[in-house]
Amino acid sequence: MRFSITHQFKYSYDSPVRLSTQYLRLTPRDTVRQKVSGWQLDTPGAALRTTDGYGNVLHVLTIDNPVTEIAIEAAGSVETAPVLDEPSDFTGAPLPPLLFLRPTGLTRLDEARRALADKFCAATHAGLRELASAISQKYRGPGSAADAAHEFIGCCRHLGVPARYVSGYVYSRHDGENGVAMHAWAEAWVGDRWRSFDIAHDCAVGEAHIKLAVGADYLDACPVRGVRVGGGVETLVAQAHVEAAQQ
């Protein structure tokens, strides 16, 4: 399937920001499952493009003149294939899966969550699917996709299975506006490959999912993260739209 994606951020401040640095992971990469074309990132000033430690495309935007508004837009097209899982990491020099066993502040488990994880067999793909379904049931209504992904990742690591966080987009035909906002899911290393788990939707990752970035948790893979000097109270308006393009 081919999708057209637009993702916009607008930061407003009640007093001038004297210095701002934004770390932008808003550019998807080609993978076995997706091919990117015509992708553009519009920022108020030149952004330095590089690659972070996880292989994600990273733009660093520094604004050193006073501003009261920062607007960022990413847009382009992505064509996806009906491949459910990546046969290998999408980076040129993949990190060892064992790196994704280390706990983080967002994936540490309490006693109740550890007890839940212990009920499932981590040695099989089917066992992890059952774990994902059990966690999905907890987040029907309250909670977010990021929360569900973090709990699944924490449970996998508790069971000795490397797991990582994925940020991206997902298309839903049932959405009233034919597009949705950001989404998050997880990948677990099973056998010789990363297996994908959309915990919030209790399904595998398929043609409707577009991957942006991966990391140990949300903080490594979030679309925008930054620091600033000045600015006072900040107001953020963000929206993402995913539309199925005509074939």
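Biologist: In this predicted model, what angle and what axis distance describe the packing of helix α2 (residues 125-138) and helix α3 (residues 145-158)?

Modeller: The two helices pack at an angle of about 140°, and their axes are 10 Å apart.

Biologist: What makes Y139 count as buried, and where is its place?

Modeller: Y139 lies in the loop between α2 and α3. Buried means under 20% relative accessible area, and Y139 has 18%, so Y139 counts as buried. Leaving aside residues up to four places away in sequence, Y139 touches R113, S144, D147, A148 and E151, and its C-alpha atom is separated by 6.9 Å from that of A200, which is 61 residues apart from Y139 along the chain.

Biologist: Why is strand β4 (residues 57-63) described as largely enclosed by the rest of the structure?

Modeller: Six of its seven residues are buried, and so β4 is largely enclosed.

Biologist: How do you know that β4 pairs with strand β1 (residues 2-24) and with strand β3 (residues 47-51)?

Modeller: Pairing requires at least two bridges between the strands. Five bridges join β1 to β4 in the antiparallel sense, with Y23 having V60 of β4 as its bridge partner; β3 and β4 are also antiparallel, over five bridges, and here T51 has V57 as its partner in β4. With five residues between them, β3 and β4 form a hairpin, in whose turn G55 has a positive phi of about 90°.

Biologist: What makes β8 (193-197) and β9 (209-215) edge strands?

Modeller: They belong to an open, antiparallel sheet of four strands in the order β8-β7-β6-β9, and each of these two strands pairs on one side only. Within this sheet, β8 is joined to β7 (residues 182-190) by five bridges, and A186 stands opposite F197 of β8. Helix α2 packs on the sheet, touching β7 and β8, and its direction makes about 30° with that of β8.

How values were computed:
Residues numbered from 1 in each chain as written. Predicted model: local features only at pLDDT ≥ 70, side-chain atom pairs only at ≥ 80, totals over all residues. Heavy atoms only, no water. Axes fitted to C-alpha atoms, helices over the stretch in contact; angles between N-to-C directions. Buried < 20%, exposed > 50% of the residue type's maximum accessible area, 1.4 Å probe, protein only. Contact = heavy atoms within 4.5 Å.
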